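Please consider the model shown below.

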Amino acid sequence: MDIETFSQAITSGDRRALSRAITLIESSRADHREQAVQLIEHLKTANRQAIRIGLSGTPGVGKSTFIESFGKMLTGQGLKVAVLAVDPSSARSGGSILGDKTRMEELSRDPNAFIRPSPSRSHLGGVARRTREAVSLCEAAGFDVVLIETVGVGQSETVVAEMSDVFVLLLAPAGGDELQGVKRGIMEIADIILVNKADGDLKPAATRTCSDYAGALRLLRKRPQDPEGFPKAMMVSAMQQEGLQTAWSEMTSLIGWRRDNGFFDARREDQARYWFEQEVRNGLLAQLDTPQARAMMQDYASRVAQGAITPTVAAQDLLLGLQEQT
């Protein structure tokens, strides 16, 4: 593979090249990983930045519908939008349906939009392991906005906040009361909470939910990276395309304030440190995936199962043995 030619194709906006590049970075083959690292390093010189929006919510809250309506609104304003959707992988077979793109039929045909579903492969945190690198590729390809849709998550799956500039949490009407809103985890890292499906018979319930969460957010400790009034709760209807422009205005207003006050760059620097540490951890875990290490682990696992040694002592002995080998 000619990395330089490949890079030029991506930076010129070639969608097929971008799709191939994301497939490359998601591959676990050693030679593919080496090429992926070279490609990402080469594309770093493009020095392009997009607005990264993390989007999370429980299954059925309407994430795909929201992204299609929101994405169409942005492309209608002349912006190029990339959507990185993460599908949960089966705990039994390891497979994923990757069906989010079929829900975004109109957006998938938009020439200013790019949609890429990826399997989570049981990676914790609601995103795929290489989603962060896929974001960098989309930025290099010239997209103005990158939407990162997580799998349907719970309160503790918050890794998407470590790769986005604005973290948006979608909620359904009647999705909880004030107590639910002040719980730690995903609530305290959300920048904007959007109560979706605020239309028809559900509008009164959406109004109550939005009011409950707005009150709950005022009880949370104020973060230094938030201007007055943030984080905030708002109502939207993706089906009726209501409240989307207001939500976008609030997102850009928040990003603009953070840029002006030095929080935007500082946050990106913190995120870079976080992902460096994650790569180191993943590299250390990969050392356990050698034939020799697997043989040692099977030996210790058998002794633990037989009760000859406790799991704690076995783990300590295994790690010491691996250190001596290196």
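A cavity is here a set of points on a 1 Å grid over the protein atoms alone, where a 1.4 Å probe fits but cannot get out. The model is predicted, and a search of the whole structure finds 1 cavity of 30 Å³ or more. The space in the largest cavity comes to about 70 Å³. Its lining is made up of 11 residues, and E26, L84, S118, T131 and A134 are the closest to the centre. Two or more lining residues come from each of the elements α2 (15–26), β2 (81–87), β3 (113–119) and α7 (131–140). The greatest contribution is that of β2, with 3 residues. By class, the lining of the largest cavity divides into 6 nonpolar, 2 polar and 3 charged residues.

Attention now moves to another part of the chain. Strand β6 (residues 192–195) pairs with strand β7 (residues 232–235) in the parallel sense, over 4 bridges. Between β6 and β7 the chain passes through helix α10 (residues 203–219), and this β-α-β crossover is right-handed. Within the pair, V195 stands opposite M235 of β7.

The loop between β7 and α11 (244–260) contains S237. Is S237 buried or exposed? The cut-off for a buried residue is under 20% relative accessible area; S237 counts as buried because its relative accessibility is 1%. Apart from its neighbours within four places in sequence, S237 is in contact with N196, K197, A198, D199 and E242.

How values were computed. Residues are numbered from 1 along each chain as its sequence is written. This is a predicted model: local features need pLDDT of at least 70, side-chain atom pairs count only at pLDDT 80 or more; totals for chains, interfaces and linings use all residues. Side-chain values use heavy atoms; hydrogens and water are left out. Two strands pair if DSSP finds at least two bridges between them. A crossover is right-handed if, with the strands pointing away from the viewer, the path from the first strand over the helix to the second runs clockwise. Buried means under 20% relative accessible area, exposed over 50%, partly exposed in between (1.4 Å probe, protein chains only). Contact means heavy atoms within 4.5 Å. On a 1 Å grid over the protein atoms alone, a cavity is a set of points where a 1.4 Å probe fits but cannot get out, and a pocket is an open set with protein on both sides within 12 Å along at least five of seven lines; lining residues have an atom within 4 Å of a point. Grid points are joined across faces, edges and corners, and a volume is the space filled by probe spheres set on the points. Ala, Val, Leu, Ile, Met, Phe, Trp, Tyr, Cys and Pro count as nonpolar, Asp, Glu, Lys and Arg as charged, and the others, Gly among them, as polar.
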